[in-house]
Amino acid sequence: MSESQKTTIVYNDKITRQFIAASVVFGIVGMLVGAWAALQLAFWPANITEYFSFGRIRPLHTNAVIFAFVGNMIFAGVYYSTQRLLKVRLPSDLLGAIHFWGWQLIIVAAAITLPLGITQSKEYAELEWPIDIAIAGIWLVFAYNFFWMLKRRNEKQLYVALWFYIASIVTVTVLHVVNSMAIPVGLFKSYSVFGGVQDALVQWWYGHNAVAFFLTTPVLGIMYYFIPKVSNRPVFSYRLSIIHFWALVFIYIWAGPHHLLNTALPDWAQTLGMIFSLMLWAPSWGGMLNGLLTLRGAWDQLRTDPILKFFAAGVTFYGMATFEGPLLSIKAVSSLAHYTDWIIGHVHAGALGWNGFMAAGMFYWLVPRLYGTKLYNKEAANLHFYIGTFGILLYVVSMWVAGITQGLMWRAELPEGGLQYPNFLETLLELRLMYWMRLVGGTLYLCGFILMAWNLIMTAKSGKAVDGTTEVATVGLPPEKNRKSWKELIIAQPMQVSVVVLLIAAAAGFTTSLASSAMLVTFVVAAVLIIVFQSLKEGRKGPSWHSIIEGRAAFFTVLVVVAVLIGGVAEIVPSIIAGPSAMRSTTNVPYTALELEGRDVYLAEGCYNCHSQMIRPFTWEVARYGAPSTPEESVFDHPFQWGSKRTGPDLAREGPIKSAAWHYEHMLDPRASSKGSNMPPYPHLAKKTIDFSKTEGKMRGMRFVGVPYTALEVQAAEVSANEQAMTIVQELKETANVDIAPNTKLVALIAYLKRLGNPPIVEVASNETASEEPTTEETK
């Protein structure tokens, strides 16, 4: 092709530089907040103010690290690699700028609202509805620009990295929209449309797959692009990359219920989550091996090249985390590990080792090229690697030890019966050393990250910003010969096999025997293998089916959407359909106006970060907390409050146990009633007040999502709240000689805590008169 038939494309690398800078800055901020939170758990006086107490900054830490640090890193990698893989400039610089600045404003909004106690209290989705809408809008801007690049591409075939980017964009869109469905009751207050069991299932369908499709699949795409670039080696196996991608996308979406094992979630959902989690071992390790084996022939460079060190270690941590995850999804293992610090160690092995090291490797490789220079200090990068690795190991091992210690102490029983450690604080006191070790490990990792920031700044200063270029044909892509229609692609053998296997697997799901689980696993594994080999088989007159769809971006995207939706619909829809029926048949009653306000205080202070409200059906939990929790008990919780960590005891049966005076003292000075507690004090709750005139609006919102408040109850919300508050105020005066205003947040919180496990008795609608008082056994 002559020079006149070519045109030079200048890539938009400014946006990559911007996202890298933002990622590094917010990475340091997020890790500083994490170190502060770790200090608070080891040394409670570090809770210096209500706005930065542990319950409020823990979600700030997770949001900063996930969406600010890793999110900005992902956008940088996607924009850089996609332009080069497609040989096309970013179609709209304006949309790119809106994406960048819009995302940073969302992060700032999170940094302001979360310390103020403005939260939905949903794991990894705490931000309130106005910010949720902004997230959706900015994400769509990103998606539009990305798919516009696909449409204008000058390379027909979609490389494997792009498959993972497509899966990430479409799946995160679905997850965010469904999980964020809520009814606003104020400018910064809303209630989830899902409640109880339904909300638990939806939340962890989202929470697990946010890890999958925000923290994993886009970074896998980055792995498939940058490791071959750094090592100057082709991807080890194209066929393995296909198995890795399709198996991961299809299986991952089903695994969310493994976060709710041994709870009040229906058994079928728990079993489904466990089975698919175990199946994730295969594709996850297939991807890890594909990444590591791509380095074959370049292992000698690991001794001197810090970038390869980070990538190799990052992929190894991915393998470790994806081995541990399915292990923790086994019910017996989950019974020991759930609610303990073991889960914290597992999460941080992935976040620090996989996401953090992949980010570092990408930054060290990209920044010199984006500024037309060399890495400023290679030795400092090597030092960063060793400091970071040691910090991760210290952090993770301390949490493993703490978690296993917790799990074993909670379940320890005396030979003659009864708990060996009946006081929850006995287990907490045993963990103090491990908490300090965690702080040291996290601080070392942070120091390494700061060292990287210095190195990158000096690198940028030593060079000048440059944008990459490439030459492409002026005429664009040639027309495709013998182009197959969508119909031909849909009725091809791989699609036929997929439909047959899915039908058989669905039939297996209607049985409850162990054989059905084995059948399901067998057919899904067989499906993946058969479909892949069928799709790779070359036709008589042309390329393989998979090769064809790699050149058909729209068709490929539709297949990804279908693969994702199958699991989501199969898990979520049955639970949602059963929701209204559960509300109609329950004997439980909704929260009173004051209890609802108290629950909002509980959420705003982040109490759910340390306390669960779910008693599992184990003898040691029943002995410690009372009867196992049932789905009915949380039917009016929007959102649910089963929790995921116990730094403090479970509260599901708290109501009948403690008096209002005890709660008052405990909230003002936790160590006065619980010696050795690391809970922060909440004196501000005794001073800050609630405007009960707004309670009616909240009850209307709850009524809209299905909570059966009567019109009269809603209208009388303010009066009802005041009356119940005065009852508590009088009790405090008589039992503890305490004077407190009835409209304070503390009074409302006490009302809520007294309600837990102690719901009012419902009048039975029948010809016979219901018993006025519960029996002793019922009360117990």
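A cavity here is a set of grid points where a 1.4 Å probe fits but cannot get out, and its volume is the space filled by probe spheres set on the points. The model is predicted. In it, 9 cavities of 30 Å³ or more are counted.

The second largest cavity holds about 120 Å³ of space. Its lining is made up of Ser121, Lys122, Glu123, Gln203, Trp204, Tyr608, Phe640, Gln641, Trp642, Gly643 and Ser644. Sorted by class, this lining has 4 nonpolar, 5 polar and 2 charged residues.

| Helix pair | Packing angle | Axis separation |
|---|---|---|
| α7 (residues 217–231) and α10 (residues 281–293) | about 15° | 9 Å |
| α1 (residues 14–42) and α13 (residues 341–370) | about 135° | 11 Å |

Angles under 35 degrees count as roughly parallel, and α7 and α10 are therefore roughly parallel to each other. The crossing of α7 past α10 is left-handed. On the α7 side the contact is made by Met223, Tyr224 and Ile227, and on the α10 side by Gly287, Asn290 and Gly291. This contact of α7 with α10 has 3 nonpolar and 3 polar residues, and no charged ones.

The other pair, α1 and α13, is oblique. α1 and α13 also cross in a left-handed sense. From α1, Thr16, Arg17, Ile20, Ser23 and Val24 meet Phe363, Leu366, Val367 and Leu370 of α13. By class, the contact between α1 and α13 has 6 nonpolar, 2 polar and 1 charged residues.

Note on methods: Residues numbered from 1 in each chain as written. Predicted model: local features only at pLDDT ≥ 70, side-chain atom pairs only at ≥ 80, totals over all residues. Heavy atoms only, no water. Axes fitted to C-alpha atoms, helices over the stretch in contact; angles between N-to-C directions. Helix = DSSP H or I, 4+ residues; strand = E, 2+ residues; numbered from the N terminus. Parallel < 35°, antiparallel > 145°, perpendicular 65-115°, else oblique. Left-handed = near helix turned anticlockwise from the far one by under 90°. Contact = heavy atoms within 4.5 Å. Nonpolar A, V, L, I, M, F, W, Y, C, P; charged D, E, K, R; others polar. 1 Å grid on protein atoms, 1.4 Å probe; cavity = no way out; pocket = protein on both sides within 12 Å on 5 of 7 lines; lining within 4 Å.
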